[in-house]
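Here is a quick tour of a protein model, one region at a time. Have the viewer open and follow along.

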Amino acid sequence: MSFNLKNSHGKKQKNSFQLPQSILIFTPLFKNNSVNMKISYNWLKQFIKTDWTSEQTSELLTDLGLEVEIVEKYQSVKGGLEGVVVGHVLTCEKHPDADRLKVTTLDIGLENPIQVVCGASNVAAGQKVPVATIGTILYDKEGGEFTIKKGKIRGQESHGMICAEDELGLGTGHEGIMVLDEALKPGTPAADVFKIANDEVFEIGLTPNRADAMSHFGTARDLRAGMLQRGVNVELITPSVSNFRVDMRTLKIDVSVEEPALAPRYCGVTISGITVEESPTWLKDRLKAIGLTPKNNIVDVTNYVLHELGQPLHAFDAAKINGKVIVKTLPEGTKFVTLDDVERTLHKEDLMICDEKGPLCIAGVFGGKKSGVSDGTTSIFLESAYFDAVSVRKTAKRHQLNTDASFRFERGIDPTITEYALKRAALLIQEVAGGKITSDVIEVYPKKVEDFSVLLNFSHVSKIIGQEIPKDTIKKILVSLDIKVNSVSDSGLGLTIPAYRVDVQREIDVIEEILRVYGYNNIEFSKKFNATVSNSPRTEDYKVQNVIASQLNSQGFHEMMANSLTTAAYTKLSAVLKEEHNVTMLNPLSSDLSTMRQSLLFSGLEAISYNINRRNSDLKLFEFGKTYHKYLSGYEEHKHLTLFISGNRNKESWTNPQKTTDFFLLKGYVTGVLNRLGIEKISNTPSQSDIFSEGTAKVYNNEVLVEIGVIKKSILKHFGIKQDVFYADFNWDLILKIITGKIKYTEIPKYPEVRRDLALLIDEKTTYESIYNLAKQTEKALLKDVNLFDVYEGKNLPEGKKSYALSFTIQDNTKTLTDGQIDKIMTKLQQTFETELGASLR
């Protein structure tokens, strides 16, 4: 298959090309910063009385930052029973050519009756029945649709269909047709008879910082502010709880909060004499519209209030609570079975709701199996609390639980509505499940969660927005957002931000609130055209990076981008990496993403392993990336360019014999990069890194510029890689420093350099480093460089031996060397290697 793609630096390729087998496909860790939330328009209108269309409302919500991605129609019965009407069976006779069929005539409110052939055994004259007329679309259990058409059944015309309840989506019964109330008038739409709910649902891409808008009430609050700014005066209507009262004090359950920092506010109340059953239709329709599956009337009410007000609630079976409710942490390793029948091992920091015998619920995250509401429950303890956001987030991540409750607690809910939401839910439970309130509201709230104070400077508003907004308009916007104006001066305002606005704690946050309500589209653009010409150097990082990336692309490399977050365990694979130098996350997503990487090697090996496991083993990869380190002096980050090659050099072909990649191929690519950058005067030294089984380093002015080598088998084994991997690591910061410095000229040496080679048979434990150091010590004056250009281990060599091919560069800056001088130096080197290392010439 062909694709029109962009290359690794954003330039569009001119032609379509075949996707090569070695290209890497990575799944990003974070697909999007927004989360989807569904808002029912009918539900929203309970808070704001408006005749706006859904298009108008969605446009305003989007302008306010609550981006409406789609508006979907919801019908409590799929298709809304459009085309289905009430029919009166006038006659019902046996089909002349079929024993099980009947021919009926029906009055469906038209001028003339229609004839319908029906196979139901219970159809009879005089009945009122639902009739699907010609053209009506009905849906089966799997959602497949079929259209009612005019036809003949065994020679008799049929102009519709008399329906059973499962055919209409009103139930599961198929014993016979539905028989309706005799008082119904023929031709009445079935949607009116069955009160089919029709709604429009906004799917909002909500940014995680907007915890205040994660409910219908929160969305309505923003909508009101936007409508007021556009001159539409509307009132925000909140559900009344004035009817809440204690019927009798017969079931009091005390509450003890042992961890007030983790549960700053906790409320509860008991309700007795309830009947757990299916919820009424209106409640089920509300939940279904936003994608929730109704459970029972008690659970449905808690979900309803959660999505209505944004306050998570939990109902416990009061009969299963032993003694009082205790909010505390439990010892490490405590076992607990949650509602999904999974036994979980608790962490010592997990906040739990317990009774005097053990845990009942993971606070703010998930309920327990033993204390949940069941069909036999007759009394409940209803909980409404404000839990610490960080504590809930850590617990949810530890147990890999993502619930509607934890989702809101993690982002910060409104601490002021805890008791209000409890009373709202209690009244709804009485409405749908009966029962009586049998205790006062128990509340533990030792320290009130305070609002925030912010000073707003008018000049800062104008500077940030780029346009002066009238001061009265600013004050009206802030008041519409429940932000109190405490003091007013010519220069600014003293404000109190409500505690539920956890995302508004600085002046710049307040300015953003003003701007989004005022309307980004209302900010005028200057007609003045300004242009600036910057003198950017040719050696800017991104320019140099593009040059090298293009070169590597042309040589068959693919650019990869890996996550900067990794696991701390990788530091154990190399002594060069120190655990104490790890930059760790305070609140990691998981243990595998808990640390900033100290090396680009391991993320590259992850990609290589991923590809090899998918039969893509011939790889050439490169990555520009940063490493992160913590030292006593502070934090540091360094930029690198890494190259990886592994597998075969070329694709399998009958014209080209297969040849595997090797050290010298990678060394050639590295040399090409350095030549392209114009970096010369580089010396070679043995690599000091323990990640290589064989490696060399290129040094510039005593600083390591790039290390090249073969990755150790022990490291490759950790990633399940069985083939050789060759790796080069460039110090990109040093490269930029070199190429941006002043150009220095040195005189070309007048006298030639001489190269001599030696092929040495040495012990397999002897390293290139030891040979290099010994050579430099033996001839300090005239030996300019030592280079290893071939290594051989295998057959035709004595056991325990290997062969090194070395080149020695010799030069005298004052005169031309004679053959005698050169031979003397080489003889001295050879004798030293034989004496010190036991080497011999091959």
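## A loop tucked inside

Ser371 sits in the loop between strand E23 (366–367) and strand E24 (379–386). Helices (H or I, at least four residues) and strands (E, at least two) are DSSP runs, numbered from the N terminus. Ser371 is buried, with a relative accessible area of 2%; buried means under 20% relative accessible area, exposed over 50%, and partly exposed in between (1.4 Å probe, protein chains only). Leaving out residues up to four places away in sequence, Ser371 touches Ala315, Phe316, Asp317, Lys320 and Leu360, where contact means heavy atoms within 4.5 Å.

Some ground rules: this is a predicted model, in which local features need pLDDT of at least 70 and side-chain atom pairs count only at pLDDT 80 or more, while totals for chains, interfaces and linings use all residues. Residues are numbered from 1 along each chain as its sequence is written, and side-chain values use heavy atoms, with hydrogens and water left out.

Now for an open sheet of four strands, ordered E41-E42-E40-E43 with antiparallel pairing. Its edge strands are E41 (783–792) and E43 (840–841), each pairing on one side only. Two strands count as paired if DSSP finds at least two bridges between them. E41 and strand E42 (residues 801–810) run antiparallel and are joined by eight bridges; Val786 has Phe808 in E42 as its bridge partner.

Helix H19 (residues 768–778) lies across strand E40 (754–763), E41 and E42, at about 155° to E41. For that angle, axes are lines fitted to C-alpha atoms, for helices over the stretch in contact, and angles run from 0 to 180 degrees between N-to-C directions.

## E8, a covered strand

Six of the six residues of strand E8 (residues 128–133) are buried, so the strand is largely enclosed by the rest of the structure. Lys128, Pro130 and Ala132 point one way and Val129, Val131 and Thr133 the other, and all are buried. In a regular strand the side chains alternate between the two faces of the sheet.

E8 has antiparallel partners too: five bridges join it to strand E5 (residues 84–94), and three join it to strand E13 (residues 160–162). Gly87 has Val129 of E8 as its bridge partner, while Ala132 stands opposite Met161 in E13.

## Helix H13

The twelve residues of helix H13 (residues 507–518) should span 16 Å at 1.5 Å a residue, and the end C-alpha atoms are 16 Å apart, which agrees. The expected span is 1.5 Å times one less than the number of residues. Just after H13, Gly519 takes a positive phi of about 110°.

H13 is mostly covered, with nine of its twelve residues buried. Among them are Val510, Ile511, Ile514 and Leu515, along with Asp509, Glu513 and Arg516. The cover over the buried residues includes helix H2 (54–63), helix H5 (216–229), strand E27 (452–457) and helix H11 (458–465).

## Loops with positive phi

Arg154 lies between strand E11 (151–153) and strand E12 (156–158), and is exposed at 52% relative accessible area. Asn702 lies between strand E37 (692–700) and strand E38 (703–711), and counts as exposed at 80%.

Buried or exposed: which is Val706? Val706, found in strand E38, is buried, with a relative accessible area of 0%. Leaving aside neighbours within four places in sequence, its contacts include Val670, Leu674, Ala728 and Phe730.

## Rings and charges

Trp43, Trp282 and Tyr304 form one aromatic cluster, and the count comes to 18 aromatic pairs. Rings of Phe, Tyr and Trp (its six-membered ring) pair if their centres lie within 6.5 Å; planes under 30 degrees apart count as stacked, over 60 as edge-to-face and the rest as tilted.

Lys45 lies over the face of Tyr41, at 4.3 Å from the ring centre, and Arg614 over the face of Tyr610, at 3.7 Å. The rule is that NZ of Lys or CZ of Arg is within 6 Å of the ring centre and within 35 degrees of the ring normal.
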